[in-house]
Every structure is written in C-alpha cells, then in structure tokens.
Amino acid sequence: MAGAIAASADGFLQRFKAGRLPRPVSVTSLREADMTPQDLAGLFESQLTSRRLDLEARRLGAEKRGFYSIGSAGHEGNAALARAFRVDDMAFLHYRSGAFYIERASKIPGETPIWNMALSFVASSEDPISGGRHKVIGSKTLFIPPQTSTIASHLPKAMGAAFSVALARSLKKHDAELKQDSVVLCSFGDASANHSTALGAINAAAHTGFRGLPLPLVFVCEDNGIGISVRTPEGWIAASYSARPGLRYIYGDARDPVDAMRAAKEAERYARLTRKPVFLHLRTVRLMGHAGSDLESGYRDRTEMDAEADQDPLLHAARRLLDCGLMGHEDIEKLYADIAGRVRRAMEQATLRPKLTSASDVIATLIPPARPRRALRAGKTLTSAQNEKRALTEPQHMSRLISLALAEQLEKDANVAIFGEDVAKKGGVYGATLKLQQKFGPARVFDSILDEQSILGMAIGLAHNGFLPVPEIQFLAYIHNAEDQLRGEAASLSFFSNGQYANPMVVRVAGLAYQKGFGGHFHNDNSVAVFRDVPGVILACPSSGAEAVMMLREAFRLAREEGRIVIFLEPIALYGTKDLHQDGDGAMTAVFEEIEGTAPFGSVNTIGDGADLAIITYGNGTYLSQRAAKTLARKGIDMRIIDLRWLTPLPIESVLDAIGGCQDILIVDECRKSGSPSEEIIAILNDRRAAVNINRITGVDTFIPLGPAANEVLISETGIVDAALAICGNLKKRAAE
C-alpha cells in the first residue's frame, strides 16, 4: 500500500523530470483565452496545491489518521472556472473540485484553503465549513454551499438558485444574497449526467430557456469517461447535450488549462450577458482511481492507466509554462517541492486538532441557529380579487381557508413565493391556491413543470437567495419521486455547513386517504413514514380549516425566524368538508377573520375534557373521532380527543399533559400500521406512562384500492367506537369494583 502511494505521489514529478510532457490537446493560445503567463502560473499553483492535498489525504488514510480520499486528481482544470467566474457567482460543486476551491480562495485576502481542507480531511471540529461532520468543499465567504459525495442531487437546487436571480430582479428584491447580474455554476461528472435527477434538472433548465425566461446557469460536466468502474461511451455526453433546445453547448479540454479558460470565459460571458443556461462540457482524466479504497487495476489495465497519467493536466500546464518562458524546469520543481512541504506541514498539524466528541456536538447543527428577526417587506397586490371581503367574513371550508392563509402571508412578506403543478391560473387541483396569482402576480405564484425533483430543487435554490419558498406537491405519493431533495439536500444543509447555511421553506403536500373516487398509491396514499426519519424536518397535519390557518401561520414563522423546513400535510378528504355530525351543521367551517393567533409548535389541540378515555389522533382521525365521540357519549363514555397537530417531532410533553388523569388511551392512526406515528407514540407512552391501558387502531399495511373496498383497509368511525368500548370495558362495572 505504501509503495503504491509513493508511486502515485511521484507520478507527475517522475514524468516531468523524465521530460515526458504530453503533446498539445488544443491549439488555443493564451491570447485567445484572454490570459497572461502570470494567469497561467496562478492556475498552476492552485492545481499543484490540490494535487498535493489529494496525495496527503491518501497518505493519512493509509496511516488511519485521515478519513476521506475521493480526490480531484485529473480534474484540476476546473481551477480555470474559478478564475473565469466571480467569487459571488454561487457554485454548487461536485467532489472533484479541490482546485476550483483553492483558486477561488486565492481571490480573497486572508483565506486559508490548505488549512481549511486539511482540517476537513481529518474531520476536525475546527473545519470551518462542516465542523468535522463530513469532508465537503464549501465556504460561505466564497459562495460555495457545501456538497457531500452527491450524485447529481445538487443540480435541481442550482437551477432554482439561477431562477431566483431573475426572480429577485423582477421583484426588485434588494436584500437578495446574489447580485442581479450573478451567474450560478453547477459541476458534476459524466456518469452523474445519466442520473434521473440530473436529467430532470437539465430538462427544467432547457425548458426554461426554451420559453425565453431568464436563467443565468452554467452546468459544468467534467467528463473523465468513467464512473467508478463503468465507462461512459465515447461521445455520449456531446451526443446527449450538444443540440438541446434552450441550452447552449460549449466544449473545452480541461486537460489544458488554456483551453479550459477559453471555454469557461465563453460560458461565463454567454450566461451573464444573455441570462440563458449553458452546458459546458469539459474533457478531463481521472487519476489515482475513484477513491483510496478503489483498486483501479481490477477493471483497468496498466496501459490504459498509464495513458491517462500521460495526459495529467499538471503536465499540460507545465508544458505551457515552459513554452511561454515564464518558468523553467528548476522553477517548476522548486514550486512543487515548496507546495508539497506546506501541505505536508498543514496536514500533520491538522491531525492534532480537536474532533467532535459527543452526540450533542454532532447534532448541534441539525437545526439552524436562531436567526435575527428582520423587518418584513410587504408584498404588493395587483388586484383585489372579487368577493374577497365575503370570503374573509363568511364560513369557509379548509381549502378556501388555506388559500386565504397563503394570501395573508403573500401580503405580509414579499419574499414568499408559491409554485407547483397547477397552482397558478387553476388555483390548485383542490382550490387551495385559488385567485392567488390573480392578486399577487405571476412572479410570486407560478406553475412548475411536472417534476417533483425540480419543484423541491427550485425551493432550495430560492431559499439560498433569501426567498421563503412554498412549493406544492400535488399528491403525497408524488413526494417519493423527489424525497432525496428533502433528505439529502434541504435537511442536511445546516448540518453539513455547521449552521452557516439554511434553506427555510414550507412544503405543502396534499394527501392522506378517504377520497371518494380515487384509488391506488398515487392519489389516495396514507403513509408518512418518508418524512418521519429525516433529521430536522417538521411534519404538520391540520384536522380542520381553522387549525390549518393557525398552523400555517406557525409554519411560516418557523421557516422565517428559525430557518426550518416544514412539511405541511393537508388532508384532501377534509378540503371541502363543511359538516361534522349532520348536514348543514357547518362545524368544519370557520370565518377567516375570526381565526386568531397561531398553533404553537409543540402544542396539541385538545377537544373535550372527559376523563374516561383519551384518544390521540390527527388529520382525518380527528374528524372521525369527533363523530365517534357522540356515539360513545350515549354509551356513557366521557372522553377527550388530543389532536396532535405536529407529527414530527411529536409534541410528547404536550400529549402527556393533555392525557392528564386518563388511564385508558386509544391511538387512532389513519396511516398504515408499519412506520406510522402510532408506533412512536406507543413506545413513548409505555416508557413514560406504564400504568395506563393503551391500544391503537391503524390502517392496514396495503395500498388503498378503488371504491368501497377502501373502507376495509382504513380506520372508520365504527372501528373507533368498537375499539373505545373494548379498551374502556364496562365503566359502571369497573367503577363498582
């Protein structure tokens, strides 16, 4: 192992000393690339530094003192991107971007990229970007949000960030993070270009460009021809992306820093001046395998690996410097040795720095730190929607009340933007965004393409630029098409940036069961397990229109003031429900102007104060339990209903307080038995209230069928009554005993 590392370490230097310099791969001159010899020398220093950091990381890994060895060797040409673009052009980078980071840092006096990267390689808690939680390339100062070893999952948010630049300009948003003429970069490998997430994001960008909408975005595909061990067919990337409508294609050879600079500057100029998206295709090589644990000889023969090493971008850069006469052989060897020494000393010192030592330290940044409250800029209204006063002063059902609550937030805060499938002119499939675009305009309420990954990526990108995004996922089951945008991207950002970044949002999701006329797992789904194990995410579920209004106000506060990601799950079956016990009672409606205050995070909604039985439930379960309560009262059971409101994290302390002295507890959970909130509730109650009598009823572990058969697998009013009677028994007999 040590011998292999030594050989790898000497690869560039051995070839250079032996005079094995590659033939030119491009005829681009320094003048054509708008470069000086000094520019070239600066790039070369960043490239050498990146290479030495890779080699030292491998050495420490072999010695069990370092923890990350996916390096940038062969991709050092991306330093040209950092030089061609501005520091404040936000960059979403893949993991082979060490040279980019080092070169960009060289533009800011006082930046210490070698030390910063050394700390990250050894997982030190002093790592300035992740605090020791992961080796990520990122910097708040350098406008580089941190990325882990992602496979294309960062492309949708890059598209969203670029869209936000134009949106901020249109709305005259003066507190945006990005300047009005900013360009957004996003780099990835050729193998990742095949991922569905990449395909969706690139399609969304091309679709936007095709429509003539501004999108100053440069996708950078660094094509080394292989993904771990699987080869990319020669010409595949160019064939796939060189003729996409709405997307400008530019090619460059990043083995040669001069041609890389030419292509990078062409892409930068085009994107900045035209505000249109670019696909920049850069040829690279991959040296030293995929990672330290990757035995490359197991799938590539020595001839192929040697041929790749002969095309080392450091060798091409050295040849360029020799040709222009700025540096000689001895100068290059001395520079290499000086950088090697600096990097070695930094890495050795970094191994002595502290690491995270407790679970509390690790999880400290799962939730963003408190944000200073800012004065809100009121949103402009274009028109006063017809019958608006009537809507505010007369009883309304849930979907209309949600629409009014969203209008309240749009008017209160100019940073709120609502988008999703069919939310604009149509006003949502169920009318929950009715008339909002008419009142607030197409820049603040707009339709998206049919792609949940792009919808959630749009939200993350907008949040990076100071917006408060409100994406809508049309049906609960559709979230599975894009769940990694929440789990791997949105929810992890604060964690991997040591709390420096946050992407607050309120994600509205229509879902749950009891919809008449719908079946199957797409439109009538009753599982929320996908949200419940994502650290830091809040899951809310209202049980009535009035609750939805109060909870939405709190959801927006959590996003705005605490940087939280709130999933707001809206029970479709209750959208249009007006009556509770009998036709015309209107008990499920409310007058918007009479709904005061919020439903504080961590609180519950207690209905009734009976001491015989406590039902813990949420959503449709609250509606069904209220109906069941009338029947149970006639049978002598005096009960209370504890409406959870917040499903993740569960408001356990409030639940325990609301249970009070009740000894019989029934959990009514409309979701499937496996993975449902009731599992956690039962476990906690058994730990905290061992003396009580607990039971639960849930949906069956199945997809929901069409028609009356759905009633066989879901909880029902009758089922709640039967379960309550079973758990309570004969109260009079028990009282006598």
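## Surroundings of Ser 72

Leaving aside residues up to four places away in sequence, Ser 72 touches Ser 50, Asp 54, Tyr 95, Arg 96, Ser 97 and Gly 98, where contact means heavy atoms within 4.5 Å. This is a predicted model, in which local features need pLDDT of at least 70, side-chain atom pairs count only at pLDDT 80 or more, and totals for chains, interfaces and linings use all residues. Residues are numbered from 1 along each chain as its sequence is written, and side-chain values use heavy atoms, with hydrogens and water left out.

Ser 72 is found in the loop between helix H3 (37–62) and helix H4 (79–84). Helices (H or I, at least four residues) and strands (E, at least two) are DSSP runs, numbered from the N terminus. With a relative accessible area of 3%, Ser 72 is buried; the term buried means under 20% relative accessible area, exposed over 50%, and partly exposed in between (1.4 Å probe, protein chains only). A polar atom of the Ser 72 side chain lies 3.4 Å from the backbone nitrogen of Ser 97.

## Helix H5

Gly 98, one of the residues that Ser 72 touches, is also among the buried residues of helix H5. Helix H5 spans residues 98–105 and is mostly covered, with eight of its eight residues buried. Besides Gly 98, the buried residues of H5 are Ala 99, Phe 100, Tyr 101, Ile 102, Glu 103, Arg 104 and Ala 105.

## The seven-stranded sheet

Seven strands form an open sheet in the order S12-S11-S13-S14-S16-S15-S21, and their pairing is mixed. Two strands pair if DSSP finds at least two bridges between them. Strand S12 (445–447) and strand S21 (646–648) are the edge strands, each pairing on one side only. From one strand to the next, the twist averages 20°; axes are lines fitted to C-alpha atoms, for helices over the stretch in contact, and angles run from 0 to 180 degrees between N-to-C directions.

Within this order, strand S15 (residues 538–540) pairs with strand S16 (residues 565–571) in the parallel sense over three bridges. Ala 540 has Phe 568 in S16 as its bridge partner.

## Cysteines

The structure holds zero disulfides, a disulfide being a pair of cysteine sulfur atoms within 2.5 Å. The sulfur of Cys 541 has its closest cysteine sulfur in Cys 671, at 8.0 Å, too far for a bond. For Cys 728, the closest cysteine sulfur is in Cys 662, at 9.1 Å, which is likewise too far for a bond.

Cys 541 counts as buried, at 0% relative accessibility. Cys 728 is buried with a relative accessible area of 1%.

Terms used
A polar contact is a pair of N or O atoms within 3.5 Å; within protein, one must be able to donate a hydrogen and the other to accept it, and residues adjacent in sequence count only if both atoms are side-chain atoms.
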